[in-house]
Amino acid sequence: MTTQVIVLNGGSSSGKSGIARCLQAVLPDPWLALGTDTLVDAMPAVLHTSADGIAFAPDGEVSVGPEFRTLEAAWIEGVAAMARAGARVIVDEVFLGGAYSQQRWRKALGDLRVLWVGVRCDAAVAAGREVARGDRTTGMAASQAEVVHRGVTYDLEVDTTRTESMECARTIAAHVGSGTG
């Protein structure tokens with residue numbers, strides 16, 4: 001059975017987006033890469049400054065309000081619908097709610113064949129990447145490095161602390177190709 005969805009879960013600056021791009025290059029079929037950043041970028045600007053939307057505290061803490069949750073739930077269902085319609089999808093996610101976040105995705109993805117991948121990175125290394133990127137609130141990487149994995153069950157884990165994105169992608173692709181996902 002061929003994997004239809006690959007869910008990459010990890011904290012900010014852990015390397016998920018790089019792995020997703022590498023997966024698109026090494027997997028034999030076309031895959032769409034969609035992430036939580038895709039959702040946030042698609043939201044109206046007012047939800048970036050409202051308690052109803054998403055807010056980033058100076059220390060990197062992320063809080064979300066009811067309007068964000070409503071749009072996020074619709075987005076998750078939409079990603080699942082794309083996979084059911086035949087698109088292969090790589091999801092680049094940050095499970096701020098740990099196991100609860102995974103439950104929401106599991107419910108939406110239902111009977112689709114999903115490969116759940118934990119993307120780990122040492123908090124200090126991720127924090128260094130965060131500073132180098134310059135497009136993240138300082139502190140997000142460190143605050144999310146472990147919390148996003150709490151209670152989450154994976155088929156496979158990769159660690160980008162000392163392993164390049166392409167090597168991680170090849171490890172993941174081997175599981176997709178074997179049909180274990």
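## An Enclosed Space

The largest cavity holds about 40 Å³ of space. A cavity is a set of points, on a 1 Å grid over the protein atoms alone, where a 1.4 Å probe fits but cannot get out; the volume is the space filled by probe spheres set on the points, which are joined across faces, edges and corners. The structure has one cavity of 30 Å³ or more.

Lining residues, those with an atom within 4 Å of a point, include Gly11, Ser12, Cys121 and His149.

## Basis of the Model

The model is predicted: local features need pLDDT of at least 70, side-chain atom pairs count only at pLDDT 80 or more, and totals for chains, interfaces and linings use all residues. Residues are numbered from 1 along each chain as its sequence is written, and side-chain values use heavy atoms, with hydrogens and water left out.

## Strand S5

Strands here are DSSP runs of E, at least two residues long, and helices are runs of H or I, at least four, both numbered from the N terminus.

Two strands pair if DSSP finds at least two bridges between them. S5 runs parallel to S1 (residues 5-9), joined by five bridges, and Val5 stands opposite Val89. Five bridges also link S5 with S2 (residues 31-35) in the parallel sense; there, Trp31 has Arg88 as its bridge partner.

## The Whole Chain

The chain contains seven helices and seven strands. Buried residues account for 46% of its 181 residues.

Definitions and conventions: 1 Å grid on protein atoms, 1.4 Å probe; cavity = no way out; pocket = protein on both sides within 12 Å on 5 of 7 lines; lining within 4 Å. Buried < 20%, exposed > 50% of the residue type's maximum accessible area, 1.4 Å probe, protein only.
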